[in-house]
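Please take a moment to look over the sequence and the structure shown here before reading on. The explanation that follows is meant to be read with both in view.

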Amino acid sequence: MTAPVSIDGKGKGKGSIENLVSATRSLKASLEKSRDLGFALQKAGSRLEDISQRLPTLEAAVRPIRADKEALVAVGGHINRAVGPAAAVLKVFDAVHGLEKSLLSDPRNDLPGYLSVLKRMEEALRFLGDNCGLAIQWLEDIVEYLEDNNVADERYLANLKKSLKILRDLQSDEDRIRLDGGLLNAALDKLENEFRRLLTEHSVPLPMSSSSSLGEQACIAPSPLPVTVIQKLQAILGRLIANNRLDRCISIYVEVRSSNVRASLQALDLDYLEISVSEFNDVQSIEGYIAKWGKHLEFAVKHLFEAEFKLCNDVFERIGLDVWMGCFAKIVTQAGILAFLQFGKTVTESKNDPIKLLKLLDIFASLNKLRLDFNRLFGGAACLEIQNLTRDLIKRVIDGVAEIFWELLVQVELQRQNSPPLDGAVPRLVSFIIDYSNKLLSDDYRPILTQALVIHRSWKKEKFQEGLLIGEVMNLVRAIEQNLDAWIKAYEDSTLSNFFAMNNHWHLHKHLKGTKVGELMGEKVKEHEQYKDYYAAVFLRDSWSKLPSHLSREGLIMFSGGRATARDLVKKRLKTFNEAFEDMYKKQSVWVITDKELREKTCQLIVQTIVPVYRSYMQNYGPLVEQDPSSSKYAKYTVQNLEKMLLSLYQPKPLRFSSLKVRQTSGKFSNGAADHRRSNSMVM
């Protein structure tokens, strides 16, 4: 408090001033302190505001201090138990990412090393997959404990729960790949690419030799991949299978190897396999394709499919029979085995005729030759479609063989009602059936035909004796002989009838002698030669042998009637001879003897019958006519011209392409004489 100021006295006045000055100074000092305090309060306000904002965090930080002592002691154990697994997981996770550089490199540089690193990667991921759940479970236990005991802040617990949920979701099966960020998938993709590269670079189409020697390549093709490559493929397969990629491996393998087989087959020009029944008239028009088919199928089976069979076993043998057999089945299917079987089926669906029987036997022979190979290569369950198609083809072939074979005799007999050929030649039916019968009993066809007929009878629970085959073929020949007898009698012109008989009996003799059928006929073959000689003699007697009689010398001996009379007789007789010769020549110039030997012999006999007589006559009496102005009307032919004309007779005409068609009604033949409407399409 300020002391009171005294106003009385001089001394007192001086003291009062000092007091004012002192008070002024004191007031000034107070003001300065107040100002300083104001500044201090202003600064303190901002600090208080900052403290106010930090109070919730500080409160959360000191909350454990306010928690129960027992809760605080227990939380330490929970934390220690969770930190161990979590730390181990993090350590392995870091190790996984440490493998990234190696796994993103090219496997071809060091395949064993790459596979080793990949295996470590798989083991690490298995550890993560097995232990992530444990670590998450411990962390969830901590959160639950903190929440129950009010030890941690709610916002902190909410963030922690959110993080744990994300980890739990990532740990599910669908998202396990996220554990490595897609590194495993990338590595497996590289392995697949290496698998494809190894296959592609070592899959080279088999070099094709000329088609003519295909059947001579009897050796089995070796495995087309080196052993070292197979070992690498097996090593890659091991890792890919461990990661559920077997199907993708098989897909790659089938794609590459089937493409390689197709490339090998393309050199054989197999476009004909796609032909349809509507694209050809009969089997004869594709006969060449059927011959190729047998060679090409044998080549494909023994050289290409055999090699793929062995390679599939080599590469996939450790996985199991079903796997590699299934792989092989896909390869041969995609390579074209079904097209081969479909072509055979197409042949069986064509129109029935005897040539088709031989072609069906060719197909059956090819399949029979490959029977053991088919059973071994395509006998597994994976090749069921191939088995079914093969069985169906064999059944169609055997049914077709039996159907045509047993119908042949009926068709030959039906031809008997046809008229014989106007040119007296050997009917196409005769030459065809004789040649056909010899083929059926040849070493090439008889065994396979017998086998086919035995199988067909066995399906009906019937037995087949080989004598039935021989008997049926001999019935065909006898039917031909009966047809000839009927046709010989059918001619109104006896000369043409004898000519036809001579022609055909010679054909039978020549084409049966020394053959399988001829051996079975025995002495009857000689009878045909005797018949030929007989009919040849009758033919000459009733035709050409009559001409020399027109050149009679009667009345011309020593010109008994005078020279003029002799000239008139010569003219008359030459005119009669010329007319008879020209009529006979014109008539027989359209007749045909196909066999060169018989034709030349017959012409020589005619020449021997006529030319010597004509030569002698012209030498003796020709001068009488040659002096006449109209001599050209009578001496029309020189000896040389006459001989030349006779030697030019019976020349064969170009043959028409034809065969005996066996008519098919609703897929089956009509039986016996029940249906005489069947067409007789054998061209005579």
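Predicted model: local features only at pLDDT ≥ 70, side-chain atom pairs only at ≥ 80, totals over all residues.

Residues are numbered from 1 along each chain as its sequence is written, and side-chain values use heavy atoms, with hydrogens and water left out.

The secondary structure of the protein consists of 23 helices and 0 strands, where helices (H or I, at least four residues) and strands (E, at least two) are DSSP runs numbered from the N terminus. The protein has 684 residues, of which 44% count as buried; buried means under 20% relative accessible area, exposed means over 50%, and partly exposed lies in between, with a 1.4 Å probe and protein chains only. Contact means heavy atoms within 4.5 Å, and among the contacts in the protein with a separation of 6 or more, 82% come from residues 24 or more positions apart.

Helix α10, residues 321-335, has 15 residues and reaches 21 Å from its first C-alpha to its last, close to the 21 Å expected at 1.5 Å a residue, the expected span being 1.5 Å times one less than the number of residues. Which residues of α10 are buried? They are Trp-324, Met-325, Gly-326, Cys-327, Phe-328, Ala-329, Ile-331, Val-332 and Ala-335, and the buried residues of α10 pack against α8, α9, α11 (337-348), α13 (371-377) and α14 (384-414). Just after α10, Gly-336 takes a positive phi of about 125°.

Two pairs of helices show how directions can be compared. Axes are lines fitted to C-alpha atoms, for helices over the stretch in contact, and angles run from 0 to 180 degrees between N-to-C directions. Angles under 35 degrees count as roughly parallel, over 145 as roughly antiparallel, 65 to 115 as roughly perpendicular and the rest as oblique. Helix α9 (residues 287-316) packs with helix α12 (residues 354-369) at an angle of about 5°, with their axes 9 Å apart, and α9 and α12 are therefore roughly parallel to each other. In this contact, Glu-287, Ile-290, Trp-293, Gly-294, Leu-297 and Glu-298 of α9 meet Ile-355, Lys-359, Ile-363, Ser-366, Leu-367 and Lys-369 of α12. By class, the contact of α9 with α12 has 6 nonpolar, 2 polar and 4 charged residues, where Ala, Val, Leu, Ile, Met, Phe, Trp, Tyr, Cys and Pro count as nonpolar, Asp, Glu, Lys and Arg as charged, and the others, Gly among them, as polar.

In the other pair, α14 and helix α16 (residues 446-459) pack at an angle of about 100°, with their axes 9 Å apart, which makes α14 roughly perpendicular to α16. The residues of α14 in this contact include Ile-394, Phe-405 and Trp-406, and those of α16 include Leu-449, His-456 and Trp-459. The contact of α14 with α16 divides into 11 nonpolar, 1 polar and 3 charged residues.

A salt bridge is a side-chain nitrogen of Lys or Arg within 4 Å of a carboxyl oxygen of Asp or Glu, and a search of the whole structure finds 29 of them. In one of these, the side chains of Arg-248 and Glu-192 meet at 3.0 Å, N to O. This pair links distant parts of the chain, with Arg-248 in helix α8 (residues 246-266) and Glu-192 in helix α6 (residues 183-202), 56 residues apart. Arg-248 is partly exposed at 40% relative accessible area, whereas Glu-192 is buried at 7%. Both belong to a network of salt bridges that links Asp-189, Glu-192, Arg-245 and Arg-248.

Asp-435 forms a salt bridge with Lys-439, the closest N and O atoms being 3.9 Å apart. Asp-435 and Lys-439 are separated by about one helical turn, because they lie 4 residues apart in helix α15 (residues 428-440).

The last stop is in the loops. Most residues other than glycine have a negative phi. Asn-244, however, has a positive phi of about 60° although it is not a glycine; Asn-244 is found in the loop between α7 (227-242) and α8, and it is exposed at 75% relative accessibility. Asp-269, also not a glycine, has a positive phi near 55°; Asp-269 lies in the loop between α8 and α9 and is partly exposed at 48% relative accessibility.
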